[in-house]
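Let's walk through this structure together, with an eye on its charged side chains.

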Amino acid sequence: MRINTIVFFFCIGLSGNLFAQDSDIRVSAVNPAAYPISLYKTATAQTQNLYNGRQYYLYDARNDEHQFFQQSKWRNGVIMYDGQAFDSIPMLYDIVRDELVIRHVYGDHLLLQSEKVANFWLLDHHFKRMESGKDVNASMRSGFYDLLYEGKTQAIARRSKSRQEKIQDKRVIALFPPKNFYYVRKDSTYHPVHSRKSFFALFPEHKRDFRRTLREKNLRFRRDREMAIISLATAYDKTARP
């Protein structure tokens with residue numbers, strides 16, 4: 001629903017551009033030479049702001065492992081950037097540096113200014129930029145968080161990789177083991193959740209309901225941590241008082 005809303009407003013902006021183009025055509029009747037320049041400016045007015053970042057230099061590009069979220073190939077997504085929505089943008093999310101990379105129209109890797117990225121949707125995940133001490137706890141760093149579940153309760157994840165090295169055949173090979181940090185919001189505070197026990201401790205009066213939920217869905221917290229957190233947060237919202 002949210003993506004559809006963003007695309008809707010994006011289309012409104014596009015229709016505005018088409019109206020502006022009609023005005024430019026009328027102007028070109030007086031000065032035909034000015035029309036191509038005017039048309040270019042109109043067509044690129046919204047994208048100039050998006051493609052105004054600095055070049056991103058791909059590091060450790062020859063290794064099988066990579067620094068990106070899930071995949072190292074371009075995938076189209078949606079970005080809310082500097083107050084504007086952009087759809088079908090090829091992008092990569094570098095979770096080592098917590099930076100969003102898009103592909104320029106000429107093929108270059110372009111690094112977006114993180115402070116201007118409010119949200120982005122990539123590979124069926126919704127990431128939101130959250131500020132330390134404002135949107136999340138002061139002990140949590142500012143950056144992009146994956147919104148796993150949004151209800152009365154909220155579950156989020158910080159995706160991370162750390163660069164490591166190993167020697168293989170007298171060559172240095174870079175490794176990027178992933179690590180996820182999970183948080184559940186209760187009473188306007190985010191609490192780290194790393195085990196079933198830590199989740200149960202947030203809502204001790206619902207332990208029995210939580211155990212039943214895990215059994216019914218055949219979820220083991222250690223094996224299916226992310227899905228278990230989402231399922232338990234959903235179960236809590238269904239049983240908690242309004």
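Which side chain meets that of arginine 212 in a salt bridge? The partner is aspartate 209, at 2.8 Å from N to O; a salt bridge here is a side-chain nitrogen of Lys or Arg within 4 Å of a carboxyl oxygen of Asp or Glu. Both residues lie in helix α5, three residues apart, about one turn of the helix. Helices (H or I, at least four residues) and strands (E, at least two) are DSSP runs, numbered from the N terminus.

A word on the source: this is a predicted model, where local features need pLDDT of at least 70 and side-chain atom pairs count only at pLDDT 80 or more, while totals for chains, interfaces and linings use all residues. Residues are numbered from 1 along each chain as its sequence is written, and side-chain values use heavy atoms, leaving out hydrogens and water.

The protein chain holds six helices and 13 strands. Searching the whole structure turns up seven salt bridges. One of them joins arginine 163 and aspartate 60 at 2.6 Å, N to O. Arginine 163 sits in the loop between β9 and β10 and aspartate 60 in the loop between β1 and β2, so this pair ties together parts 103 residues apart in sequence. Asp60 and Arg163 also belong to a salt-bridge network with Glu165.

Another bridge, at 2.8 Å from N to O, brings glutamate 226 and arginine 159 together. Because glutamate 226 lies in helix α6 and arginine 159 in strand β9, the pair ties together parts that are 67 residues apart in sequence.
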